[in-house]
Amino acid sequence: MSDTAWENLVKKQLKTEDIYSVLSKENLEGIKVKPFYSSVDKPLVNLPKIEESTQLVSRYHESLEEDVFAFLLDHNVENLVQKIIFVNNTDLAGHISPKEEDQYFSLIDVFDEEKAEIDDQLVKELLAKQFRRNICIDISLHQNAGASIIQQLGIALAKTKELIEMYGSEVLNKLIFRIAVGGNYFFEIAKLRAFKIVFNQLSKEYDLDLIPYIFAETTLRNKAVSDHENNLIRSTLELASAMIGGADAVFSNNYLIDKSTENSEEISFKQQIVLAYESIINVFEDASNGSYYVEDVTRQMAEKSWALFVEMEEVGGYLKLLKQGSIQKKIYDHAVEEQKWVEEGRIKLIGVNLYPRLEVKKSIAELYSENKIKAVRWSEMFE
């Protein structure tokens, strides 16, 4: 069907000649989204991932030991055999001495955002470990603090460049990227795909041809204390975005925001099981390749985030900008604008600002700081 035929059909269904003003939808990323797509200007190649199938990661509990293959560990557990282990505790990492057949990954961020420095001693200790991936670059904090997608990807590249300058380009093979996945379903698919493009582009600057190892987890940004069922629905969609976007590992944060129970931890993990075994979306290499919409958004995100990275490097890099307070201010500006959209109902959260049961209880000034990158949930304004 031709574009004109599509337009005529839409005009008839919407009963208006001005379909583009009706169908256009603003976003805070500056991404241009068309009402419909019939082609894409620059088709992208297939974007691979490192793991053959996305690893489904659970927080460790002994009742899951037989059935779960990949665990996130905050404390030492003896005799875990033939498991993939994501280490989430600095002290624990210091005590682990993996055998050659063990598969350990560090999720410990070596950047101190408040001091604006890299923990050199921690980096050296982690690099000395026989881990599959030794050094974590954590941008989940930035997403949960309200950074835009473009900012998240630009910061990830800038933090990577800081590590290369200190430890050489060989560190690229030792990195794992911890990324929080938000609720904008197709944009988050495109985010992971765009990051693969720009990371590969950065690696080519050093005569390498690499893809990033992505550990994707559900965001806390759109979760609410009093809406457990809605939290489950949101995090399920976020996990689907991560799998389709090509994450190497996925993890679901507890859907009970203000507490954690053995049952809620198990349910949070089983979201992944249902998605993987009912839809098998965790086994595809690049499931969204060929979607004109996702392809176009992916390309735009890659171009914008690379431009931001270059801009950051030209004025001194991530740590210098962090010391100056520039990074904090940019994230703050975006986060506040996003929070205003929530307050105005332009970003809709069922049970919070759509069919609400609560009133505004905290102002934007109480929630956010220009000088500190800190996680803030949208619904905190109403709780």
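This is a predicted model: local features need pLDDT of at least 70, side-chain atom pairs count only at pLDDT 80 or more; totals for chains, interfaces and linings use all residues.
Trainee: How many helices and strands does the protein have, and what makes it as compact as a globular protein of its length?

Mentor: The protein has 13 helices and 10 strands. Its radius of gyration, which is taken over C-alpha atoms, is 21 Å, and the globule rule (2.2 Å times the number of residues to the power 0.38) gives 21 Å for 383 residues, so the protein is as compact as a globular protein of that length. Along the principal axes, the C-alpha trace spans about 70 × 50 × 45 Å.

Trainee: Why is Ser106 called buried, and where is Ser106 found?

Mentor: Ser106 is found in strand E4, which covers residues 103–106. Buried means under 20% relative accessible area, exposed means over 50%, and partly exposed is in between, all with a 1.4 Å probe and protein chains only; Ser106 has a value of 0%, so it counts as buried. Of the 383 residues of the protein, 52% fall in the buried class.

Trainee: Which residues does Ser106 touch, and what does the side chain of Ser106 reach at 3.4 Å?

Mentor: With contact meaning heavy atoms within 4.5 Å, and residues up to four places away in sequence not counted, Ser106 touches Val87, Leu126, Phe131, Arg133, Asn134, Cys136 and Ile176. The side chain of Ser106 also reaches the backbone oxygen of Asn134 at 3.4 Å. This can be set against the definition of a polar contact: a pair of N or O atoms within 3.5 Å, where within protein one must be able to donate a hydrogen and the other to accept it, and where residues adjacent in sequence count only if both atoms are side-chain atoms.

Trainee: How do you know that Ile135 is buried, and which residues does Ile135 touch?

Mentor: Ile135, found in strand E7 (residues 135–138), has 0% relative accessibility and therefore counts as buried. Apart from residues up to four places away in sequence, Ile135 touches Val110, Val123, Leu126, Leu127, Leu163, Lys174, Leu175 and Ile176. Ile135 and Asn173 are 38 residues apart in sequence, and their C-alpha atoms are 9.5 Å apart in space.

Trainee: Why is Asn254 called buried, and where is the place of Asn254?

Mentor: Asn254 lies in the loop between strand E10 (249–251) and helix H9 (262–279), and its relative accessible area is 14%, so Asn254 counts as buried. The side chain of Asn254 makes a polar contact of 3.0 Å with the side chain of Ser260 and another, of 3.3 Å, with the side chain of Glu265. Neighbours within four places in sequence aside, the residues in contact with Asn254 are Lys259, Ser260, Thr261, Ser264, Glu265 and Ser268.

Trainee: What is phi of Ala116, and is Asp207 buried or exposed?

Mentor: Most residues other than glycine have a negative phi. Phi of Ala116, however, is near 60°, a positive value in a residue other than glycine, and phi of Asp207 is likewise near 60°. Ala116 is in the loop between strand E5 (111–112) and strand E6 (117–118), and with a relative accessible area of 4% Ala116 is buried. Asp207 is in the loop between helix H7 (185–204) and strand E9 (214–218), and its relative accessibility is 74%, so Asp207 counts as exposed.

Trainee: What makes Trp6 partly exposed, and why is Gln55 called buried?

Mentor: Trp6, in helix H1 (residues 3–14), has a relative accessible area of 37%, and so Trp6 is called partly exposed. Gln55, in strand E1 (residues 55–59), has 12%, so Gln55 is buried.

Note on methods
Residues are numbered from 1 along each chain as its sequence is written. Side-chain values use heavy atoms; hydrogens and water are left out. Helices (H or I, at least four residues) and strands (E, at least two) are DSSP runs, numbered from the N terminus.
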